[in-house]
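Student: Could we go through this model together? I would like to begin with its overall make-up.

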Amino acid sequence: MSTGLVSAEHERDLAATLRGLCADQVDSAALRSCVESSAGYPAGLWKAVAQDIGLCGLTVPESLGGLGLGMLEVNTVHVELGRALFPAPFLGTSLATTALLAGGDVAAAERWLPAIAAGECVATVATGTGVTADAAGRLTGRVQFVPYAHAADLLLVPAGESMFAVQAGAGVTVTQMAGLDLTRRLCSVEFADAACVPVGDAAVVDAAVGAHLRLALAAEAAGGLEWCLDTIVEYAKTREQFGRVIGSFQAVAHQCVQLYSELRTVSAAARWAAHAAASGDAEAELAGYVAALRAGDGYRAQTEATVHLLGGIGFTWEHDVHFYYRRARSALALSGGLTHLRQAVATAAGLPT
């Protein structure tokens, strides 16, 4: 097995740091507080990861104030954040970092990446169409499903053949959307003659951002499935029915094994994709789509199974499992849906569609 498929010591240290932080600050009560707040995340938690730990500089080059790490570390981080349903704008900021690096505009990178790495600039990326740019450098139109745009200082938006950077303020109106995933805010952003700066070719940046998004969501699914497995195994060892713990019933034991099997499969696919991207393998595109497909299908099915395995408490709002079920369904939609992913895997593998 390639060493890239096994976590290095510094990755294990990073994972342990994040798991400890999340255990302290992202418990069930904190998640529910975030759901009910207008910001959707606590400022203290964001400061801890963005400034104290320096997580926003994960893939920013060291010359620009970052850590200069790669997709293997991205995989490690998103597994831990997905396990905790981390409620803060890290995904959008990391996608924005990828967009600025992929755009190849040195001036833009030097202008924004140091602030992003220092945790002083929250950024996010819009995908899809709906925005046009005029000759005077102004954007008009609307995009939806932009993660944490309400908290962003900088938005990266495709319009025509270019990707543009827009600073929050005049000409930019952000409205939070009522989404299924209560622990990740998505927004609709309206541009009305908003000043912008081109930062790269839209197709090139979109491809890089899409690949990063698929890797991140696959890793998050692995972390979420780990939470499901830990939760259901603990429940099966203590919950009694007919005078026996329910884990002693073959049907329940088989469901737990199925969940474990899905966790290992999704984790391996996500890690393979991260390794392929980090090493520039020719199979990177295929690996990314396979990881997204396995994660999308497995996370959705197993969070639903976990709800059933938890019996009566699984169907109540008091239990956290519904947050994970919502995350799984929302993440699958963000990655394009199963039909799109199956077709993309076939195309990347050179099969007829």
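Student: How many helices and strands does the chain have?

Tutor: The secondary structure comprises twelve helices and ten strands, taken as DSSP runs numbered from the N terminus (helices: H or I, at least four residues; strands: E, at least two). This is a predicted model, in which local features need pLDDT of at least 70, side-chain atom pairs count only at pLDDT 80 or more, and totals for chains, interfaces and linings use all residues. Residues are numbered from 1 along each chain as its sequence is written, and side-chain values use heavy atoms, without hydrogens and water.

Student: What is the strand order in the open sheet of four strands?

Tutor: The order is 1-4-5-8, with mixed pairing; two strands pair if DSSP finds at least two bridges between them.

Student: Which strands stand at the edges?

Tutor: Strand 1 (123-125) and strand 8 (197-201) do; each has a single partner strand, so one side of each lacks a neighbour in the sheet.

Student: And how do strand 5 and strand 8 pair, parallel or antiparallel?

Tutor: Strand 5 (residues 162-167) pairs with strand 8 in the antiparallel sense over four bridges. Met 163 has Gly 200 of strand 8 as its bridge partner.

Student: Changing topic: where is His 212?

Tutor: His 212 is in helix 7 (residues 202-238).

Student: Is His 212 buried or exposed?

Tutor: His 212 counts as buried because its relative accessibility is 2%; buried means under 20% relative accessible area, exposed over 50%, and partly exposed in between (1.4 Å probe, protein chains only). Leaving aside neighbours within four places in sequence, its contacts (heavy atoms within 4.5 Å) include Met 71, His 78 and Thr 98.
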